[in-house]
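The following report concerns a single protein chain and its predicted model. Please consult the sequence and the coordinates alongside the text.

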Amino acid sequence: MRQIDTLIHARWVAPISGGSRLLENHAVAIHHGMIEAVLPSEEACTRFDASEVIDRDTHLLIPGLINTHTHAAMNLMRGIADDLPLMPWLTEYIWPVESEFMSPEFVADGTDLAMAEMLRGGTTCFNDMYFFADVVAERVEAAGMRATVGMIVIDFPTVWAANADEYLEKGLALRDAWRGHDRISTVFAPHAPYTVSDAPLKKIRTYADEMDLRVHMHVHETAFEVADAQEKHGQRPLARLDDLGLLTPNFLAVHMTRLTDDEITLCARNGVHVLHSPESNLKLASGLCPVQRLIDAGINVALGTDGAASNNDLDMIGEMRTAAFIGKVAADDAGAVSADTVLRMATLGGAEALGIADTTGSIEPGKMADLCAIDLDALETQPVFDPIAALVYNVIREQVSDTWVAGQRLLADRQLTTIDEADIKARAIAWQHKLAAHSKDAS
Ligand SMILES: CSC[C@H]1O[C@@H](n2cnc3c(O)ncnc32)[C@H](O)[C@@H]1O
Ligand SMILES: [Zn+2]
């Protein structure tokens with residue numbers, strides 16, 4: 001018998017890749033953080049002697065969910081300014097609060113709160129875009145999560161950097177500091193076409209090509225953005241980004257509403273990935289992303305929540321349901337954006353977008369054990385004809401029992417193992433008192 005670290009027996013396993021849609025009564029064998037085998041439970045008992053055996057006999061085991069677009073620390077601004085469209089939300093509330101309160105402490109506490117929420121909802125990896133990315137990386141390291149951390153650029157001075165060159169310098173220093181880390185990597189993160197000028201975008205394009213790094217950017221979020229770009233640059237944002245050479249397989253375009261057929265063809269031809277954030281798009285009334293049309297054109301569409309100030313949660317299970325529902329309406333077709341499609345978007349599609357699909361995103365030997373167990377035993381989930389459909393159309397995130405990253409159980413029977421829940425809750429409430437005067441309700 002082979003000695004291994006962990007054997008997880010599950011009622012169902014959805015591996016996402018490898019040919020089987022759903023396996024019943026299977027086990028996942030884990031050693032040194034890596035998946036060693038996925039095999040029938042009975043056979044696993046004869047082949048492996050595990051130090052830890054975990055039975056999940058009413059559960060569905062899926063790859064850990066990958067939140068491909070968020071601003072984790074914005075969890076501290078959850079509910080500060082609701083019921084507003086993007087630009088007034090940003091310019092009258094969010095940016096003023098950020099300019100007054102942004103600090104390493106804010107980012108540390110906000111990121112911890114976000115990671116606690118994400119792990120409790122089955123998310124194992126997130127792609128972040130925020131200030132003090134050095135602090136984000138340190139908190140991710142401490143919590144044991146996986147993340148791609150944004151080397152942000154925005155063309156106005158903040159407490160993080162004075163100008164685009166300094167943002168880039170700090171980003172590249174961050175990349176050097178975390179290069180080769182097994183769970184943390186860096187991506188360029190220019191904020192949006194309307195906040196970053198041509199010169200820094202050209203530099204980012206050159207660096208991204210040279211270093212083969214992803215470029216994560218809000219694009220075509222609203223009709224206003226598109227109209228404003230036409231007025232200021234004489235062309236729509238995607239056309240400008242294309243002229244700047246940014247539309248490549250390294251480009252991650254967040255939001256992507258108001259797309260023409262030609263723009264979809266352009267993105268497909270250039271291998272652009274789309275990071276779909278349906279709840280933020282709905283709440284800010286930004287617009288619809290034509291997900292099924294993008295998929296039909298051959299574009300990889302992944303899923304993200306955006307920040308908690310525009311969502312107002314980091315619930316990837318809820319986001320899957322919303323993506324499926326709104327995707328059907330956008331396509332005028334109940335068969336569009338199926339449960340299987342959104343589960344793939346939230347797992348392997350996310351890993352492909354972030355360039356980490358050799359490490360995570362599916363349950364197969366050789367990948368890291370980034371996993372999520374969901375208990376389907378709840379009365380409200382019965383009867384379970386199809387566990388994947390139940391997950392997308394019925395389950396709530398409180399049914400997530402366990403979350404593993406690289407084989408480490410970061411949520412065990414709904415208890416976080418690396419983040420102190422009571423402490424982070426108290427810190428969030430302390431920030432609420434500091435920020436209270438800036439909330440929309442107070443004005
Ligand atoms: C440069 S750090 C990130 C920057 O983005 C702001 N932000 C958060 N959500 C959105 C969104 O949906 N669209 C555009 N900008 C957003 C955040 O407040 C930071 O300032
Ligand atoms: Zn965003």
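In which loop is the place of Glu221? Glu221 sits in the loop between strand E9 (215–219) and helix H7 (223–233); helices (H or I, at least four residues) and strands (E, at least two) are DSSP runs, numbered from the N terminus.

This is a predicted model, in which local features need pLDDT of at least 70, side-chain atom pairs count only at pLDDT 80 or more, and totals for chains, interfaces and linings use all residues. Residues are numbered from 1 along each chain as its sequence is written, while chains are lettered from A and ligands numbered from 1 in the order in which they are written.

**Annotated positions**

An unreviewed UniProt entry places the feature "binding site" at Glu98, His191, Glu221 and Asp306. UniProt positions follow the numbering used here, feature names are shortened, and annotations may be inferred rather than shown by experiment. His191 lies in the loop between strand E8 (184–190) and helix H6 (198–211). A residue is buried if 20 or more other C-beta atoms lie within 10 Å of its own, exposed if 12 or fewer, and partly exposed in between, with C-beta atoms placed from the backbone.

| Residue | Other C-beta atoms within 10 Å | Class |
|---|---|---|
| Glu221 | 27 C-beta atoms | buried |
| Ile388 | 20 C-beta atoms | buried |

Contacts are assigned when the C-beta atoms of two residues, placed from the backbone, lie within 7 Å. Not counting residues up to four places away in sequence, Glu221 touches Leu86, His255, Thr257 and Ser286. With the same exclusion of residues up to four places away in sequence, His191 touches Ile152, Val153, Ile154, Val196 and His218.

**Nonpolar core**

Ile152 is also one of the residues with the most contacts inside the largest nonpolar core, which has 142 residues. Such a core is a set of buried Ala, Val, Leu, Ile, Met, Phe, Trp, Tyr and Cys residues joined through C-beta atoms within 7 Å. Helix H3 (residues 104–120) gives the most to this core, namely eight residues. At least three residues of the core come from each of domain 1 (2–63 + 369–412) and domain 2 (65–354).

**Domains and their contact**

The bounds of these domains come from an automatic or database domain assignment. The centres of domain 1 and domain 2, taken over C-alpha atoms, are separated by 29 Å. In the contact between them, 23 residues of domain 1 meet 25 residues of domain 2. On the side of domain 1 that touches domain 2, H15 supplies the largest share, five residues.

**Sheet**

Eight strands form an open sheet of mixed pairing, in the order E3-E2-E1-E4-E13-E14-E15-E16; two strands pair if DSSP finds at least two bridges between them. Its edge strands, each pairing on one side only, are strand E3 (34–40) and strand E16 (415–416). Strand E1 (residues 2–13) pairs with E4 in the parallel sense over 10 bridges. His9 has Asp55, in E4, as its bridge partner.
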